[in-house]
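User: Please take me through this structure by question and answer.

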Amino acid sequence: MDTFLQQLINGIVLGSIYSLVALGYTLVYGIMGLINFAHGDIVMVGAMVTLTVTRLLANSGLPGPLILGIGVLTAIPACMAVGYLVERIAYRPLRNAPRLAPLITAIGVSILLQNLAMMLWGREYLSFPQILPAQTMAVGGASISTIQLVIVASSCIMMAGLSWLIRKTRLGNAMRATAQNPEVATLMGVNVNTIISITFVLGSALAATAGMMVSAYYGIAHYDMGFILGLKAFTAAVLGGIGNIEGAMLGGLLLGVIESMGAGYLGTLTGGIMGSNYQDVFAFFVLILVLVFRPSGLLGERVGERP
Amino acid sequence: MMQDAKLLEVQNIGKTFGGLAALSGVSLSINRGEIYALIGPNGAGKTTLFNVLTGIYKPDSGNFRLEGVEMAGKKPSEMAKSGIARTFQNIRLFSNMSVIENVMVGRHCRTRGGVLGAILGSSRTRAEEKSISEKARHLLDYVGLARHAHMLARNLSYGDQRRLEIARALATEPKLLALDEPAAGMNPLETDSLKSLLETIRRDGITLLLIEHDVKLVMGICDRLAVLNFGKKIAEGEPSQVGSNPLVIEAYLGVS
């Protein structure tokens, strides 16, 4: 089997999940300069809701892809509601507070969501029912599974849709205007509160989809799965240049591939001293490198752009 | 009923910042279709009045009415919907967006397509998006920036940036267009063409409120003007009357 090609494929799959989550960080940061550390936990909520629905329907005789579709279509509105409420209740009252206050609040919200999830779904690892056919396709010397194809295809569609929304529509114009100068945007009739709510809701919809992907891909979900995933997606957003939409997509893909390659070759390179369980190290190693050498990220704009 | 000749009526507006009265008891009224100027030395409260009129500041006292509707205390986005638009002394464009996109944002308060319409691509939303870009194109033509439509706003020349601010404000379909030092930093040629743009705008039925330091421009273009000094109105009237008012000469013009 061709390790390089296989790890590349795995990396792209992982990376497209990171990209979706990273977009949520970057959207919110772009509009209001807040790092929403609770975003990873919204992904967890998405995973849990998808998993719950899928388990309920697993023996209903419906085809697997349809069940998964119903699952994610339940998870998306659920996550949108959570995202909306989090902004409304936790962040909006702190809109004009010093920057540290909402940041700490975000960590608090993250802990709150994890604990609520633990109460609802318990502390065990929940397994995802096997509803998709475990088919694989051979490509070169590597293989791609159905779920991998679904993940890459659906995240491409969502990212293209988001780009279009931001670049080409009235709403996207208003969002970009708000990001650059909220005060002037309001003078154009833009309601900044509405735009911020929409931003959170959009980010949460992407997170819900990512949650479906993670839980279906790895076959498990857990109440604190959002923490590490969120940190890595945040790393991806920083790598691409936080606040930059294309940056989040690129950063996610790159991070996925870097991690995957690392996991694939680390064992061989270190003669077995470090195995693929060191995978996570790569994400944070990348974060440190970026922060040291290019804090504005690959596609980031000059620092000092924000007033 | 005949339309009231008064478009904007300002009564006894006061605004204090930490004990300093930026505006005290300012009253004035602006008629439909006129060009009304606001002059006064630096720190006289002109921009503060603009900020009150566009909802950025809430006045501490007094009120103002646009077409008889009480406006004081409304939010900026509501002011825009009611028909007050402005430009800024220090240009504030969405500098990383293209020229035409800046104007398109200005259409926001006259359109309503939301998330769902955009995602589902409903025919109404698509028609609206089309009308937004057509109107924006038309406005760029109107101010003479059509050839730069797809440039980033920050790459425009200074004079063109001022024109773009005007186009963006016009996109909100204002009844009253408030311009904060539109000629600041312009060369005489640019000032001349600005003057004719302002006259065109007035001819098209939009009332103009102007803060300006270029006395020659003000005196040559406005129908009436008010003079502010230390937050108080010290004179109001036609240019010829105000120009000969001794209080004004002392406070502002500095010539005898």
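The turns below cover a helix packing, the chain contact, the domains and a sheet.

Analyst: This is a predicted model, in which local features need pLDDT of at least 70, side-chain atom pairs count only at pLDDT 80 or more, and totals for chains, interfaces and linings use all residues. Residues are numbered from 1 along each chain as its sequence is written, while chains are lettered from A and ligands numbered from 1 in the order in which they are written.

User: Is V28(A) buried or exposed?
Analyst: V28(A) lies in helix α1 (residues 3–32) of chain A. Helices (H or I, at least four residues) and strands (E, at least two) are DSSP runs, numbered from the N terminus. A residue is buried if 20 or more other C-beta atoms lie within 10 Å of its own, exposed if 12 or fewer, and partly exposed in between, with C-beta atoms placed from the backbone. V28(A) has 27 other C-beta atoms within 10 Å, so it is buried.

User: Leaving aside neighbours within four places in sequence, which residues is V28(A) in contact with?
Analyst: Contact means that the C-beta atoms of two residues, placed from the backbone, lie within 7 Å. Leaving aside neighbours within four places in sequence, V28(A) has these contacts: L34(A), N36(A), T199(A), F200(A) and G203(A).

User: How do the axes of α1(A) and helix α9 of chain A cross, and at what angle?
Analyst: Axes are lines fitted to C-alpha atoms, for helices over the stretch in contact, and angles run from 0 to 180 degrees between N-to-C directions. Under 35 degrees counts as roughly parallel, over 145 as roughly antiparallel, 65 to 115 as roughly perpendicular and the rest as oblique. α1(A) is therefore roughly perpendicular to α9(A). The axes of α1(A) and α9 (residues 225–240) come within 8 Å and cross at roughly 75°.

User: What classes of residue make up the contact of α1(A) with α9(A)?
Analyst: From α1(A), residues including Y18(A), V21(A) and Y25(A) take part, and from α9(A), residues including L229(A), A233(A) and A237(A). Ala, Val, Leu, Ile, Met, Phe, Trp, Tyr, Cys and Pro count as nonpolar, Asp, Glu, Lys and Arg as charged, and the others, Gly among them, as polar. The residues of this contact divide into nine nonpolar, four polar and one charged.

User: How many residues does each chain give to the contact of chain B with chain A?
Analyst: On the chain B side, α2 (76–82), α3 (99–106), α4 (115–120) and α5 (123–143) each supply at least two residues. By class, that side has 11 nonpolar, 10 polar and five charged residues. The contact takes 20 residues from chain A and, from chain B, 26 residues.

User: Which helix gives the most to the side of domain 1 of chain B that touches domain 2 of chain B?
Analyst: Chain B is divided into domain 1 (1–83 + 174–256) and domain 2 (96–171), with bounds from an automatic or database domain assignment. 10 residues of domain 1 of chain B are in contact with seven residues of domain 2 of chain B. On the domain 1 side, α2 and α7 (188–203) of chain B each supply at least two residues. With three residues, the helix that gives the most is α2(B).

User: What is the strand order of the open sheet in chain B?
Analyst: Two strands pair if DSSP finds at least two bridges between them. Eight bridges join β1 (residues 6–17) to β2 (residues 20–31), which run antiparallel. Five bridges join β1(B) to β4 (residues 61–66), also antiparallel. The four strands follow the order β2-β1-β4-β5 (chain B).

User: Which residue in the turn of the β1(B) and β2(B) hairpin has a positive phi?
Analyst: The bridge partner of F17(B) in β2(B) is L20(B). The hairpin has two residues between its strands, and the one with a positive phi, about 45°, is G18(B).
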